[in-house]
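Visitor: Please show me the model. I will ask about it piece by piece.

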Amino acid sequence: MTHIISIINQKGGVGKTTTTVSLASFIGKKKKKVLLIDLDPQGNATSGVGVNKNEIENSTYDVMINDLPISEAIVASSAKNVDVCPTNINLAGAEVELVAAMSREMILKNALAEIKDNYDYIFIDCPPSLGLLTLNALAASSGLIIPIQGEYYALEGLTQLIDTMNIVKKKLNPDIGILGVVLTMFDKRTQLTKQVKEEVEKYFGDKVFKTFIPRNVRLAEAPSHGLTISDYDPNSKGGKAYYELANEVIKRTK
C-alpha cells in the first residue's frame with residue numbers, strides 16, 4: 001500500500017519544506033521507495049534534494065496544467081531511494097489556470113494513479129495557502145502531517161485548515177485524516193514553547209508526535225549544499241530529531 005502524505009500548514013515559515021525533505025530522506029534510507037512532490041511554487045523542496053529548479057525540463061506545473069504524465073516529470077534526487085517531481089516559479093500561475101479546468105481538484109490524484117504503486121511513500125510539500133494546489137494535495141492524500149511552530153499564534157488559522165480538510169473528506173476524499181502534528185523550531189527552555197505545546201496537545205490530543213524538532217543551524221545549512229539533513233549532518237540535533245520522527249511516521253502507517 002502506498003502512503004500519500006501531504007505536509008501542510010497555510011502559515012509560512014513553520015518548517016514545512018524542511019519536514020517534507022527530511023522525512024523523505026530518512027524514510028528512503030530505511031529502504032523504502034519515496035517520491036517527493038514539490039507543490040510549492042518557491043521550489044525549495046526541489047533544491048533541497050539537490051535538483052536545480054532553474055534547469056528542470058518538466059515540472060509539477062506541466063503535470064497540473066499541460067496534462068504531462070507525471071512519470072515524465074519525475075527525476076532522481078540527491079537522497080537515497082528518493083525521486084522528486086520538481087517545480088519552479090512557473091507553478092505560481094497554476095492557481096489561476098486551474099480555475100477553468102475540468103475536475104480541477106482531482107488533477108493530482110488522477111496523475112498519481114499512473115505511478116503510485118511504484119512507491120511506498122509519496123510526500124507532497126504544499127504551498128502556504130488553501131488554494132487549488134493545496135486542494136489537489138488534500139484530494140490525493142491519505143494523511144496529513146501538520147508542522148506547527150513552537151511560538152505565539154501557533155494555532156492561528158488551523159481551524160480553517162481543519163474545516164477545509166473536513167469538506168474535502170466529505171466531498172472528494174473520504175480516506176483523508178490527520179496522521180500527525182509535529183512541533184517545529186522547539187525550544188524547551190522557554191515558557192512560551194511549553195505553553196504552545198500544552199495548547200497543541202489539548203487541541204490535537206494523541207495526534208501530536210512525541211518527537212519535537214529543535215531550532216538547529218545544521219537544518220538551515222543543509223539545503224545550501226543541495227543535501228538533506230540525513231546526508232549533511234544526521235548526527236546533529238535536527239538530524240536526530242527527524243530520524244526519530246521518521247520512525248514515528250513509519251509506525252503510524254504500518
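Visitor: Which residue in E5 stands opposite serine 6?
Guide: This is a predicted model: local features need pLDDT of at least 70, side-chain atom pairs count only at pLDDT 80 or more, and totals for chains, interfaces and linings use all residues. Residues are numbered from 1 along each chain as its sequence is written, and side-chain values use heavy atoms, with hydrogens and water left out. Strands (E, at least two residues) and helices (H or I, at least four) are DSSP runs, numbered from the N terminus. In E5, serine 6 stands opposite isoleucine 124.

Visitor: How many bridges join strand E1 to E5?
Guide: Strands pair if DSSP finds at least two bridges between them. E1 covers residues 3-7 and runs parallel to E5. The number of bridges between E1 and E5 is five.

Visitor: Which residue stands opposite isoleucine 124 on the E2 side?
Guide: E2 and E5 (residues 121-125) run parallel, joined by five bridges. Leucine 35 stands opposite isoleucine 122 in E5. Opposite isoleucine 124 stands isoleucine 37.

Visitor: What is the bridge partner of leucine 36 in E4?
Guide: E4 covers residues 82-85 and runs parallel to E2. Four bridges join E2 and E4. In E4, the partner of leucine 36 is valine 84.

Visitor: Which strands stand at the edges of the sheet?
Guide: Seven strands form an open sheet with mixed pairing, in the order E3-E4-E2-E5-E1-E6-E7. Each edge strand has a single partner, so one side of it is left without a neighbour in the sheet. The edge strands are E3 (75-76) and E7 (178-184).

Visitor: How many of the five residues of strand E2 are buried?
Guide: Buried means under 20% relative accessible area, exposed over 50%, and partly exposed in between (1.4 Å probe, protein chains only). Val34, Leu36 and Asp38 point one way from E2, and Leu35 and Ile37 the other way. E2 (residues 34-38) is largely enclosed by the rest of the structure, because its buried residues number five of the five.

Visitor: Which residues of E5 are buried on the side with Tyr121?
Guide: Both faces of E5 are covered. On one side, Ile122 and Ile124 are buried. On the other, the buried residues are Tyr121, Phe123 and Asp125.

Visitor: How far apart are the end C-alpha atoms of helix H1?
Guide: H1 spans residues 16-28. The expected span of a helix is 1.5 Å times one less than its number of residues. For the 13 residues of H1 that should be 18 Å, and the end C-alpha atoms agree: they are apart by 18 Å.

Visitor: How many of the 13 residues of H1 are buried?
Guide: The buried residues include Lys16, Val21, Leu23 and Phe26. H1 is largely enclosed by the rest of the structure, because its buried residues number twelve.

Visitor: Are the rings of tyrosine 121 and phenylalanine 123 stacked or edge-to-face?
Guide: Rings of Phe, Tyr and Trp (its six-membered ring) pair if their centres lie within 6.5 Å; planes under 30 degrees apart count as stacked, over 60 as edge-to-face and the rest as tilted. The structure holds four aromatic pairs. For tyrosine 121 and phenylalanine 123, the centres are 5.9 Å apart and the planes are at 5°, so the pair is stacked.

Visitor: What is the angle between the planes of tyrosine 203 and phenylalanine 204?
Guide: This aromatic pair is edge-to-face. Tyrosine 203 and phenylalanine 204 are 4.7 Å apart, centre to centre, and the angle between their planes is 70°.

Visitor: Which residue forms a salt bridge with arginine 215?
Guide: A salt bridge is a side-chain nitrogen of Lys or Arg within 4 Å of a carboxyl oxygen of Asp or Glu. By this rule there are eleven salt bridges. In this one, the closest N and O atoms are 2.3 Å apart, and the partner of arginine 215 is glutamate 151.

Visitor: How many residues apart in sequence are the parts that this pair ties together?
Guide: Arginine 215 lies in the loop between helix H8 (191-204) and helix H9 (217-221). Glutamate 151 lies in the loop between E6 and H7, so the pair ties together parts whose separation in residues is 64.

Visitor: Is aspartate 233 buried or exposed?
Guide: Aspartate 233 meets arginine 218 in a salt bridge (2.8 Å, N to O). Arginine 218 is partly exposed, at 28% relative accessible area. Aspartate 233 has a relative accessible area of 18%, so this residue is buried.
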